[in-house]
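Subject: Structure for your review

Dear colleague,

Here is the structure I said I would pass on.

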There are 2 protein chains.
Amino acid sequence: MMRLGIAVLLLSSFCCAQSPDGFQPASTNVWGAEYPRIDASGRAEFRVKAPDATTVKLNFWSNPKMDMVKQSDGFWTATTPPLVPGLHYYTLVIDGVEVSDPSSHAFFGGGKDASAIEIPEAGSTYYLPQDVPHGAVREIWYLSKVTGTWRHAVVYTPPSYDNQPRERYPVLYLQHGGGEDETGWIKQGNANFILDNLIAAKTSKPMMIVMAYGYAKRAGHPLPDLTGKPFGSPDMMKAMQEMSAAFEDDLTQALIPYVDANFRTIADRDHRAMAGLSMGGMQTFQVTFDHLDLFSYIGGFSGAGGMSMMRGDQKFDRKTAFNGALADPAAFAKRVHLLWIGVGTDEPAMMHAGIIKLHDSLTDAQIKHIFYESPGTSHEWQTWRRDLKDFAPRLFQTAGH
Amino acid sequence: MMRLGIAVLLLSSFCCAQSPDGFQPASTNVWGAEYPRIDASGRAEFRVKAPDATTVKLNFWSNPKMDMVKQSDGFWTATTPPLVPGLHYYTLVIDGVEVSDPSSHAFFGGGKDASAIEIPEAGSTYYLPQDVPHGAVREIWYLSKVTGTWRHAVVYTPPSYDNQPRERYPVLYLQHGGGEDETGWIKQGNANFILDNLIAAKTSKPMMIVMAYGYAKRAGHPLPDLTGKPFGSPDMMKAMQEMSAAFEDDLTQALIPYVDANFRTIADRDHRAMAGLSMGGMQTFQVTFDHLDLFSYIGGFSGAGGMSMMRGDQKFDRKTAFNGALADPAAFAKRVHLLWIGVGTDEPAMMHAGIIKLHDSLTDAQIKHIFYESPGTSHEWQTWRRDLKDFAPRLFQTAGH
């Protein structure tokens, strides 16, 4: 490893200059990797050495697969059209096997450490490190009686947290999407930099963010054998409900008490928010509406309202939906300080329609809420960074806080 | 991603039971992955689906490559002989392309997000999470005038740090190896759990650990073009020295002042240690002997004493070696509270011989030091976990602290 290290150090010295054709290495590359590289228009060029491979494809999750082309030197290359700004997950498919690109840092998505490429957004610095006071990002481990395991979570404390030891802070619980994990909001989302910048501009109140691991299996609780059961079958739905309930119990019975015992939080519902993206948005709606004694701010980013809402095939019944919490709009508006939903204009049609339907249903039912559409972005992190930028300043601003 | 998430959740329900043949999923797997799996003897079984591939190899960095065997269902499999306990980096080589295993979590090593498998060590819990008070692991970002960039570092604060806001702590600067990065000592090394357990047992003093990114390029300083220059050429050596010097300046002029300004450290040489593994050990020797005004505890884990020492072809001249710091052994022993070197018995012969030679040279020169050999382990993380377990309790124990 020592010699390898030296080689890595040396490789790095060749790196990172802009090439004559205007391409330069992506910020998401590992140290020393020349490719993938991008130009000012957002085109991305990929390269992998695979002299013995028969086919190599580039698999952007939000775009069609592209065939890479073999060059005479054994490298396969592909150049994309201009990509939308933001972080795009991708993989390589080498002779039919989907793998990560060794040149990219890993970002946990799709249930694995996938590759991703960051396309800068011209003029946008809100999610980048700036010369402002920075909060800390901490890893914590807590022993959960619900799951019977040690669980890992990530916590952001605002810049003033360490210097003002008598100050207490409100908390936003912020969940990743399906196939992602508790590292996503920092590594992919830059949630810490977004909050640093909002707090420095006095646009957001100083707050903590807690990012939990969104999967849970109840201790000693055998899950049903789903072999051969079709997607959406009653057995599968039951298994999903059990996992969701285990997560809900872990969050409310293990993680929140741990955070309130170990950090200087303001431990009441007026100072506790929850939001999440995609699957995390659906978890947010489940957890918060089951526990309005614990939460008073609710956000669904490209995911909200539960499975039936997402299907987009029905409006809800105001009297019974969400545990009946919406039956009296005036009482709801008093109790829940913020109900926020958002979606990207370019998300898959069914997803987009589902959120629009929820927005329309809430409007029809005269339920006070915020609806935000991210222009030109899909079911990807740039949407959720913008969501957080709009959502966070609305938190903990209610008079009397 | 939402549907993907649901699928991931469901896959997880099939997972993690012990199979009838005594194999069970490795702890380093991603959620839901059945393979790789290990048995009680330390054998590991790998599996990857690659129906169209011609060859698939399993590449353990510390062992010969193994051919995987294609099964009728399109999966390729391989089972290793019993492996030494510890964390082993590996990759898959699919039709000649070295890639990570999608079933394994990523661990940054070899200049990329590689795969790794954890083989438990029977009866050893010192590096595992136990039901003791846990310290926090924090990510920090600092703007370095040396490199002209934002740099990321990882900081461990001991369990009492948050609850005793007037307490100040000594600091161990702890470096990763070549090809690894600042995340290695937590993700691969479990340094936080090792210290949690040592501190709970009152074997170690409560201390902070700061883990820096070990590569640096000086701001505005163009590096020489090394194209075509052979390994070890004067130009290459010069480039390496420049990078080492940039790291040394970044650590001493940017990171240490940042840490002392932003954490409750005891900011003097008696309460500051540095250690590192492999390349990080060599960096430690360079930095500490250049800055004995800053450090009084020094550790080299499978890497110490600089390039010439590692070659093992010469003993040093006590009068001139290490900036002359060893010329007077009594004065050195008074000034440097601990000089610690270690190596695994099964490391590559040249590496092992180099450290033995340094140990012999120090002994001949009557330089007080600790020498530790990790039995049966190679140039891998189990060696360095054991090193830290032996090293940390010796820190900050000098009378008067």
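This is a predicted model: local features need pLDDT of at least 70, side-chain atom pairs count only at pLDDT 80 or more; totals for chains, interfaces and linings use all residues.

Aromatic rings

Over all chains, the structure holds 50 aromatic pairs. One of them is A:Phe285 with A:Phe289: the ring centres are 5.7 Å apart and the planes stand at 35°, so this pair is tilted. Both residues belong to helix H5 of chain A, which covers residues 279-290. Because A:Phe285 and A:Phe289 are four residues apart in that helix, about one helical turn separates them. A:Phe285 and A:Phe289 are both buried.

A second pair is found in chain B, between B:Tyr161 and B:Phe263. Here the centres are 6.3 Å apart and the planes are at 55°, so this pair is tilted.

Charges over rings

Two cases in chain B can be looked up directly. B:Arg47 has its charged end over the ring of B:Phe75, 4.0 Å from the ring centre. B:Lys389 lies over the face of B:Tyr126, and the distance to the ring centre is 4.8 Å.

Salt bridges

The count over all chains is 28 salt bridges. One of these joins A:Lys57 and A:Asp67, whose closest N and O atoms are 2.7 Å apart. This pair links distant parts of the chain: A:Lys57 is in strand S4 (residues 56-60) of chain A and A:Asp67 in strand S5 (residues 66-67) of chain A, ten residues apart. A:Lys57 has a relative accessible area of 30%, so it is partly exposed. A:Asp67 is exposed, at 52%.

In chain B, B:Arg43 forms a salt bridge with B:Asp39, with 2.9 Å between the closest N and O atoms. B:Arg43 counts as partly exposed at 33% relative accessibility, whereas B:Asp39 counts as buried at 14%.

B:Arg151 and B:Asp250 also meet through their side chains in a salt bridge, at 2.9 Å from N to O. B:Arg151 and B:Asp250 are both buried.

One network involves both chains: A:Arg138, A:Asp162, B:Arg138 and B:Asp162 are joined by salt bridges that share partners.

A loop residue

Where is B:Val336 found? It is in the loop between helix H7 (329-335) and strand S18 (338-344) of chain B. With a relative accessible area of 4%, B:Val336 is buried, because that value is under the 20% cut-off. B:Val336 and B:Tyr297 are 39 residues apart in sequence, while their C-alpha atoms are 6.0 Å apart in space. Leaving out residues up to four places away in sequence, B:Val336 touches B:Leu292, B:Ser296 and B:Ile298.

Regards

Notes:
Residues are numbered from 1 along each chain as its sequence is written. Chains are lettered from A and ligands numbered from 1 in the order in which they are written. Side-chain values use heavy atoms; hydrogens and water are left out. Rings of Phe, Tyr and Trp (its six-membered ring) pair if their centres lie within 6.5 Å; planes under 30 degrees apart count as stacked, over 60 as edge-to-face and the rest as tilted. Helices (H or I, at least four residues) and strands (E, at least two) are DSSP runs, numbered from the N terminus. Buried means under 20% relative accessible area, exposed over 50%, partly exposed in between (1.4 Å probe, protein chains only). A charge sits over a ring if NZ of Lys or CZ of Arg is within 6 Å of the ring centre and within 35 degrees of the ring normal. A salt bridge is a side-chain nitrogen of Lys or Arg within 4 Å of a carboxyl oxygen of Asp or Glu. Contact means heavy atoms within 4.5 Å.
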